[in-house]
Amino acid sequence: MTPVQIKPDVYWVGAIDWNVRDFHGYSTPAGSTYNAYLVVDKKIVLFDTVKKPFAKDLISRITEVVAPERIDYIVVNHVELDHSGALPEIVDVVKPDKIFCSTNGKKALLAHFHCEDWPLEVVQTGSSVNLGSRTVRFIETRMLHWPDSMFSYIEEDGLLISQDAFGQHWATGERFDDEVDQSELMYQSAKYYANILLPYSQLVQKLIAQVREMGLAIDMIAPDHGLIWRSDPGKIIDAWQRWSQQETRAKALVVYDTMWQSTELMAEAIADGLQQTGVSFRVMNLSVVHRSDVVTELLDSRALLLGSSTINNQMLPRVADLLCYLKGLRPAQRIAAAFGSYGWGGEAVKQINAAFEEMKFRIAHEGLRVQYVPTHEDLKQCAELGRKVGSLVLQEAPTL
Ligand code: FEO
């Protein structure tokens with residue numbers, strides 16, 4: 001298999017996973033890549049590996065550059081198994097002199113692989129290792145997004161190997177940002193941020209400030225997923241800065257699930273009210289839209305209107321699923337309102353409101369409930385709710 005030279009004597013040797021469709025709850029309809037990088041200097045270093053089933057691809061690509069046994073060091077920037085699953089097989093083949101990792105990386109490697117006999121060498125922010133004509137500097141990025149995570153920076157190449165940071169789940173034949181459609185690239189990057197990094201947004205801001213303070217000259221960012229940023233690495237750093245500030249725009253989401261289309265009728269009437277105010281809006285039916293796509297749309301939305309019918313005194317399961325997912329991702333400061341139809345009881349709206357309160361959303365309305373099928377008057381109230389939320393969205397200055 002063919003490696004790709006990304007800088008003189010620096011190669012992408014990772015794997016393309018065209019078929020992965022679910023990444024622990026995040027839908028990946030365009031697959032993903034597991035990027036690993038090989039630097040050939042006086043010392044030869046492999047940065048990260050790949051998911052276990054792709055170990056042969058990695059070895060095959062390395063072999064096109066050097067015999068794997070010639071690798072001196074392995075750097076583990078991140079222990080999650082999509083990057084370390086192939087590590088035992090690689091360590092067996094390479095027999096590295098050293099495996100560099102963070103303090104938490106060592107703990108995680110031992111807990112995953114029970115590898116007391118591996119030559120693990122702990123590094124910290126400020127640690128460096130000389131390869132000959134290059135020096136690798138390490139920067140710990142704790143909780144971005146695992147405790148073990150770190151960056152490797154090679155000053156002589158202006159190359160930041162950033163593990164998950166600045167990545168996308170997007171399988172492509174292209175390896176560089178300037179070779180693909182820019183709007184798709186930014187959409188996939190936003191989806192990645194929204195579904196993986198959102199809960200750690202404050203840490204992202206601190207990290208970006210730290211990296212800027214360090215004055216690193218970054219010519220290229222090589223993440224562990226997706227495209228390598230060579231044409232404008234500042235573009236993705238700026239986007240992460242924006243997303244981490246949870247900047248929203250005048251946009252509202254109407255998300256719902258429905259049993260007999262009454263809640264759907266309510267959703268459509270609410271959307272009509274939103275439209276009358278001129279805000280941007282999306283309508284997403286959870287029976288056809290994946291939770292991770294909802295979160296992607298929520299990234300820049302200022303309001304969420306969430307609807308559910310009531311079944312057996314509960315909200316519908318897909319709505320509960322979304323709320324469970326959202327609570328973990330911790331979007332901040334959204335305007336929110338619940339709605340839904342019911343036959344008797346009608347608990348769903350109350351349950352959605354309780355979840356909104358837990359997430360500290362600003363509830364714009366006590367919730368709109370309709371028994372069985374909405375009347376013309378009920379739908380007018382739904383439109384009124386849409387107008388109310390739309391005008392709140394327009395009044396709000398960009399958040400944070
Ligand atoms: Fe791509 Fe956190 O692993």
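Reader: Which residues does W240 touch?
Author: W240 touches A165, F166, Y193, L197, V204 and I208, leaving out residues up to four places away in sequence. Contact here means heavy atoms within 4.5 Å. This is a predicted model, where local features need pLDDT of at least 70, side-chain atom pairs count only at pLDDT 80 or more, and totals for chains, interfaces and linings use all residues. Residues are numbered from 1 along each chain as its sequence is written, and side-chain values use heavy atoms, with hydrogens and water left out.

Reader: Thanks! Which residues have the most contacts inside the largest nonpolar core?
Author: Those are L38, L46, L109, F166 and W240, in a core of 94 residues. A nonpolar core is a set of buried Ala, Val, Leu, Ile, Met, Phe, Trp, Tyr and Cys residues joined through side-chain atoms within 4.5 Å. Buried means under 20% relative accessible area, exposed over 50%, and partly exposed in between, using a 1.4 Å probe and protein chains only. Helix 5 (residues 182-197) gives the most to this core, with eight residues. Helices (H or I, at least four residues) and strands (E, at least two) are DSSP runs, numbered from the N terminus.

Reader: And where does that core lie relative to the two domains?
Author: It lies between them, because domain 1 (4-244) and domain 2 (253-392) both give residues to it. Those bounds come from an automatic or database domain assignment. The C-alpha centres of the two domains are 38 Å apart, and their contact takes 13 residues from domain 1 and 12 residues from domain 2.

Reader: Which other residue has a positive phi, near 55°?
Author: That's R330, again a residue other than glycine. R330 is in the loop between helix 10 (317-329) and strand 22 (335-342).

Reader: What about D48, where is that?
Author: D48 is in the loop between strand 8 and helix 1, and is buried, with a relative accessible area of 2%. Among the residues D48 touches are N35, H78, H83 and D224. D48 and N35 are 13 residues apart in sequence, yet 7.6 Å apart in space, C-alpha to C-alpha.

Reader: And D157, buried or exposed?
Author: D157 counts as buried, at 10% relative accessibility. The residue is found in the loop between strand 14 (150-154) and strand 15 (159-161), and touches K7, V10, R134 and D219, not counting residues up to four places away in sequence.

Reader: Last one! Which peptide bond is cis?
Author: The bond from L144 to H145 is cis, with omega near 0°. H145 is placed in the loop between strand 13 (135-140) and strand 14.
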